[in-house]
Amino acid sequence: MKKLVNALVPNESRPERVGPRISALRESMSVTKAQLADSIGLDRSTLTKVEKGQIGLDIAKGEAIAAIYGFGLDFIYRGDLSDVPDRYREKLLIQMIEYRAT
């Protein structure tokens, strides 16, 4: 069963890949976990689990991030940087590099 799931779910959409992007986008905007969680109607402890890659980000919450903050779903779920607002792109790249260094 796990092989089937791995074949159907693209690597970039897995929680362990989406979580760091959520952390990086939040930090690039200088938004606290509490602010992000509250703005998209997500429990704060759930956001922590999402950012750690322990659980997936519900598509409705991803859509809320996209609508409120302007980050596209392609960035959130696939890592496509062309879907990132220009004003956050440089900070976001720095955050992603720092994450990979740890």
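The model is predicted, so local features need pLDDT of at least 70 and side-chain atom pairs count only at pLDDT 80 or more, while totals for chains, interfaces and linings use all residues. Residues are numbered from 1 along each chain as its sequence is written, and side-chain values use heavy atoms, with hydrogens and water left out.

**Stop 1: α3 and α4.** Select residues 33-40 (helix α3) and 44-51 (helix α4); helices are DSSP runs of H or I, at least four residues, numbered from the N terminus. Their axes come within 9 Å and cross at roughly 110°, with axes fitted to C-alpha atoms over the stretch in contact and angles running from 0 to 180 degrees between N-to-C directions. The two are therefore roughly perpendicular, the term for 65 to 115 degrees. Now show Lys33, Ala34, Leu36, Ala37 and Asp38 of α3 against Arg44, Leu47, Thr48 and Glu51 of α4, which make the contact (heavy atoms within 4.5 Å).

**Stop 2: α5.** Move to residues 59-69 and pick out Gly62, Ile65 and Tyr69, which are buried (under 20% relative accessible area, 1.4 Å probe, protein chains only). They lie on the same side of α5, because they cover an arc of only 60° around the axis, taken from the directions from the helix axis to the C-beta atoms. Just after α5, glycine 70 has a positive phi of about 85°.

Conventions
Parallel < 35°, antiparallel > 145°, perpendicular 65-115°, else oblique. Buried < 20%, exposed > 50% of the residue type's maximum accessible area, 1.4 Å probe, protein only.
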